[in-house]
Amino acid sequence: MPRSSLILDTVLDVIFRTALLFSVFLLFAGHNAPGGGFVGGLVAGAALVLRYVAEGTDGVDRILPLPSSRLLGAGLLLAVLTGAGGWIWDDAFLASTELELHVPVLGTLKATTALPFDIGVYTVVIGLVLVVLRTLGREGDAEDAT
């Protein structure tokens, strides 16, 4: 793969980091506004695709050196365990539960079980994008090399 220019690398880095930050915002805002784990994961996946277009699979592997199967497995496990958490509180599978903590300086903090579920979905989507980029991308890189 030909080496890109300094301007392209700088712009790519700014866009990549901004897209990842926006994906995390969508992940956390998804409970009360449009977004959530799937949409945030898609934005993060698009950022990875952008990195792949510019630098190939080596650029993606350098950014996220984890095996794709671990991300997929961890995200799926977290989502399933969160869904099964509804059974602990004698409710239905995937039933949302709200927890409140009274912190002296910060006040009352609320958390729901939807957030860990969204984090699991976010991780699964990123893992799936990595699988696609690494499997299909390596074939494209091999064809480019010949």
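Which residues form a nonpolar patch on the surface? I will come to that in a moment, after a word on the model itself. What we have is a predicted model, in which local features need pLDDT of at least 70 and side-chain atom pairs count only at pLDDT 80 or more, while totals for chains, interfaces and linings use all residues. Residues are numbered from 1 along each chain as its sequence is written, and side-chain values use heavy atoms, with hydrogens and water left out.

To the patch, then. Its members are Leu76, Val80, Trp87, Phe93 and Leu94, and together they have about 520 Å² of accessible area. Patches here are built from residues with over 30% relative accessible area and no salt bridge, with like charges joined within 9 Å and nonpolar side chains (Val, Leu, Ile, Met, Phe, Trp, Tyr) within 5 Å; the areas themselves come from the Shrake-Rupley method with a 1.4 Å probe, and for residues only the protein chains shown count as cover. Leucine 94 sits in the loop between α3 (68–88) and β1 (98–103), where helices (H or I, at least four residues) and strands (E, at least two) are DSSP runs numbered from the N terminus. Leucine 94 has 48% relative accessibility and so is called partly exposed, since buried means under 20% relative accessible area, exposed over 50%, and partly exposed in between (1.4 Å probe, protein chains only).

Let me turn to helix α2, residues 37–63. This helix has 27 residues, yet its end C-alpha atoms are only 20 Å apart, whereas a straight helix would reach 39 Å at 1.5 Å a residue; that expected span is 1.5 Å times one less than the number of residues. The helix has a kink of about 130°, centred on glutamate 55, the bend being the angle between axes fitted to the seven residues ending at a residue and the seven starting there.

What does glutamate 55 pair with in a salt bridge at 3.2 Å, N to O? The partner is the side chain of arginine 51, and by salt bridge I mean a side-chain nitrogen of Lys or Arg within 4 Å of a carboxyl oxygen of Asp or Glu. Both residues lie in helix α2, four residues apart, about one turn of the helix. Arginine 51 is buried, at 5% relative accessibility, and glutamate 55 is buried as well, at 17%. Setting aside neighbours within four places in sequence, arginine 51 is in contact (heavy atoms within 4.5 Å) with residues including Leu12, Phe16, Gly59 and Ile63.

Glutamate 55 also forms a salt bridge with arginine 62, with the closest N and O atoms 2.7 Å apart, although arginine 62 is exposed, at 54%. A further salt bridge joins the side chains of aspartate 61 and arginine 134, at 2.7 Å, N to O. Aspartate 61 lies in helix α2 and arginine 134 in helix α4, so this pair ties together parts that are 73 residues apart in sequence. Salt bridges that share partners join Asp13, Arg17, Arg51, Glu55 and Arg62 into one network, and the salt bridge count comes to five.

Threonine 113 lies in the loop between β2 (107–112) and α4 (114–145) and is buried, at 14% relative accessible area. Beyond neighbours within four places in sequence, threonine 113 is in contact with Thr82, Ala95, Ser96 and Thr97.
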